[in-house]
Amino acid sequence: MVITQDLPKRLETIEIENKYEDCLFMKLEGTIVQPDKIDLLLTINFHDQFLELPGGSIKLGLTGGELRLNLTNGKLPYSNRGFNDDFKVSIEKKRRSKQGSQIHHDKKMSMGLDPTSNQFEFNIGTELNLRKNINHEKTDEFTIMDYQITSKGGETSPAWVFAAKSGEPLLTGTLSSIWLCSITKLDINEPCYIEAIFTVLQKNVHLYEAEGIWFQEISREERAVLDRKIVLFLLKRQLKPYVSRLVLQDV
């Protein structure tokens, strides 16, 4: 029996967890646009977040991570994925107009005789003509927002790897309701489950701006060792097996 649906139809979010919402917030919106096709829109925000520790606090940020989908009754070939290019650049252009003016002085000298005078006197008059040229100059201003995302993985477990842009220490900024992919349902008469998880490695976790937790005389090498211990603790207790997770289902 074939199930008929009124399309488009939104998928239901049945589970969602963002462990550190200030550091990483993730949301997926799924829509059935055809009986065998589901479009996914991604909203993801990266920022830093203060962590309270015994005796003080420290900032947590991410330098990268991986978003992976685990599909049940669905597949996703590379041709239906967004962010397939190694480097995406979005450019916002604003045009600024600048008006300038330049004044030109034209002098004409005239010379004449005064008939009332008994002596020859010269009257020198000056005729001043002013010409004003108005110059219009237009300048294009560019605001460049870039992010590095690469895609990998098979058709039932596709993934996207996020990395901080060149020259930046952390992932920061927001992608809002960006098309991520179009999933093909294998059996339109059965539900499709989409699990999305965002995971990080030790190298993706950055700690900085510690307050009150280190002795002032601590060396840089000693602090690096303690930072690694905190990162390992966070990975074991808080950031594993994922930082964010959600599950969608068509019902």
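Eight salt bridges are counted in the structure, a salt bridge being a side-chain nitrogen of Lys or Arg within 4 Å of a carboxyl oxygen of Asp or Glu. The structure is a predicted model, in which local features need pLDDT of at least 70 and side-chain atom pairs count only at pLDDT 80 or more, while totals for chains, interfaces and linings use all residues. Residues are numbered from 1 along each chain as its sequence is written, and side-chain values use heavy atoms, with hydrogens and water left out.

One of the salt bridges joins R245 and E15, with an N to O distance of 2.5 Å. R245 belongs to strand β15 (residues 244-249) and E15 to strand β2 (residues 12-18), so the pair ties together parts that are 230 residues apart in sequence. Strands (E, at least two residues) and helices (H or I, at least four) are DSSP runs, numbered from the N terminus. R245 has a relative accessibility of 19% and counts as buried, whereas E15, at 37%, is partly exposed. These classes follow from relative accessible area: buried is under 20%, exposed is over 50%, and partly exposed lies in between (1.4 Å probe, protein chains only). E15 and R245 are also linked with E195 in a network of salt bridges.

A salt bridge is also formed by K185 and D250, whose closest N and O atoms are 2.6 Å apart. This pair links distant parts of the chain, with K185 in strand β12 and D250 in the segment after β15, 65 residues apart. K185 counts as buried because its relative accessibility is 5%; D250 is likewise buried, at 5% relative accessibility. In the salt bridge between R68 and E66, the closest N and O atoms are 3.0 Å apart. Both R68 and E66 are buried.

Strand pairing was assigned where DSSP finds at least two bridges between two strands. Five strands form an open sheet with antiparallel pairing, in the order β1-β3-β4-β12-β8. The edges are taken by β1 (9-10) and β8 (74-75), each with a single partner strand, so one side of each is left without a neighbour in the sheet. Within this order, β4 (residues 37-46) and β12 (residues 173-185) run antiparallel and are joined by nine bridges. I44 stands opposite L175 in β12.

Strand β13 (residues 193-199) is mostly covered, with five of its seven residues buried. Seven bridges connect β13 to strand β7 (residues 64-72) in an antiparallel arrangement, and the bridge partner of N70 in β13 is E195. β13 is also antiparallel to β15, through six bridges. There, F198 has S244 of β15 as its bridge partner.

The largest nonpolar core has 44 residues, of which L40, W160, F162, I194 and F198 touch the most other members. A nonpolar core is here a set of buried Ala, Val, Leu, Ile, Met, Phe, Trp, Tyr and Cys residues joined through side-chain atoms within 4.5 Å. Leaving aside neighbours within four places in sequence, F162 is in contact with residues including L42, I44, F46, L67, I149, L171, L175 and F198, contact meaning heavy atoms within 4.5 Å. I149 lies in strand β10 (residues 122-152) and is buried, with a relative accessible area of 0%. The C-alpha atoms of I149 and V161 are separated by 5.5 Å, although the two residues are 12 apart along the chain.

Helix α1 (residues 220-239) has D227, I230, V231, L234, L235 and L239 as its buried residues. Viewed down the axis of α1, these residues fall within an arc of 140°, so they line one face of the helix; the arc is that of the directions from the helix axis to the C-beta atoms. The buried residues of α1 are covered by elements including β5 (49-53), β6 (56-62) and β14 (205-211). The face turned away from the buried side of α1 carries the exposed residues E221, K229, K236 and R237.

A search of the whole structure finds zero disulfides, a disulfide being a pair of cysteine sulfur atoms within 2.5 Å.
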